[in-house]
Amino acid sequence: MAKVVWSNGIDYVSGALNKVKDGQHDHEKMLLATHRVAATESKHCNRIYLREKPQRRTSPGANELFARVRFCAVGQAVRTRAKDLSKITRDQMDFIAQKDLAGGKKTLKAWYWMVEGQAYDQEHPRG
């Protein structure tokens, strides 16, 4: 494991350190730095990882393609429903009624995803 010594004025670095090329991040190689607050006397709490861009070795299977299509369709339905003024009041009442129950969704967005996901699954059964 490498040891990092920071110059004065830098307490820690955390997150991905990428090059930016033409306004876009270059994800070919990524330098990832982490910092943790340890409950020890050690001051060596920084770690840096170099990661190459992963190369996919197989093409996506039927399940993955179905999941991608479902995710896009449900996401679009959630965005549309959240802006539908004719449904907002009823949706909020239904959300509040279930949020404190066991297994209830704790955020309105999660509730929208559940409702629209169930609707999608009913319209597009997997067989």
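**Entry 1**

Helices and strands here are DSSP runs, numbered from the N terminus, and a strand needs at least two residues. With that in hand, I looked up leucine 50 and found it in strand E3, residues 46-52. I am working from a predicted model, so I kept to local features with pLDDT of at least 70.

Is leucine 50 buried or exposed? Its relative accessible area is 60%, so leucine 50 is exposed, the cut-off being over 50%.

**Entry 2: the whole chain**

I stepped back to the overall layout. The chain has three helices and three strands. Reading from the N terminus, I get the order β-β-β-α-α-α.

I also noted some totals for the chain. Of its 127 residues, 17% are buried. The chain exposes about 10,500 Å², and carbon and sulfur atoms supply 55% of that area. For contacts between residues at least 6 apart in sequence, I noted that 32% join residues at least 24 apart.

**Entry 3: helix H2**

Next I went to helix H2, residues 88-99, and checked its length. Twelve residues at 1.5 Å a residue should span 16 Å, and the end C-alpha atoms are 16 Å apart, which agrees.

Which residues of H2 are buried? I found Asp91, Phe95 and Gln98 to be buried. Looking down the axis of H2, I saw these buried residues fall within an arc of 75°, so they line one face of the helix. On the other side of H2, I listed Thr89, Ile96 and Ala97 as exposed.

What do the buried residues of H2 pack against? They pack against helix H1 (62-83) and helix H3 (108-123).

**Entry 4: aspartate 91**

Aspartate 91 lies in helix H2, and its relative accessible area is 2%, so it counts as buried. I left aside neighbours within four places in sequence and listed its contacts: Arg81, Leu108, Trp111 and Tyr112.

One of those contacts is also a charged partner. The side chains of aspartate 91 and arginine 81 meet in a salt bridge, at 2.7 Å from N to O. Arginine 81 is in helix H1 and aspartate 91 in helix H2, so the pair ties together parts that are ten residues apart in sequence. Arginine 81 has 16% relative accessibility and therefore counts as buried too, the cut-off being under 20%.

**Entry 5: helix H3**

The buried residues of H3 are Trp111, Tyr112, Val115, Glu116, Gly117 and Tyr120. I looked for what covers them, and the cover includes H1 and H2. Trp111 and Tyr112 had already turned up in my notes as contacts of aspartate 91.

**Entry 6: salt bridges**

A reminder to myself: side chains of opposite charge can pair when their charged atoms come close. How many salt bridges are there when a side-chain nitrogen of Lys or Arg must lie within 4 Å of a carboxyl oxygen of Asp or Glu? The count comes to six salt bridges.

I looked at arginine 70 with aspartate 121, where the closest N and O atoms are 2.8 Å apart. Arginine 70 is partly exposed at 26% relative accessibility, and aspartate 121 is partly exposed at 36%.

Arginine 90 pairs with aspartate 94, and I noted 3.1 Å between the closest N and O atoms. The two are four residues apart in helix H2, which means that about one helical turn separates them. Arginine 90 is partly exposed, with a relative accessible area of 49%, and aspartate 94 is partly exposed, with 26%.

Note on methods
Residues are numbered from 1 along each chain as its sequence is written. This is a predicted model: local features need pLDDT of at least 70, side-chain atom pairs count only at pLDDT 80 or more; totals for chains, interfaces and linings use all residues. Side-chain values use heavy atoms; hydrogens and water are left out. Buried means under 20% relative accessible area, exposed over 50%, partly exposed in between (1.4 Å probe, protein chains only). The expected span of a helix is 1.5 Å times one less than its number of residues. The arc is that of the directions from the helix axis to the C-beta atoms. Contact means heavy atoms within 4.5 Å. Accessible areas come from the Shrake-Rupley method with a 1.4 Å probe; for residues, only the protein chains shown count as cover.
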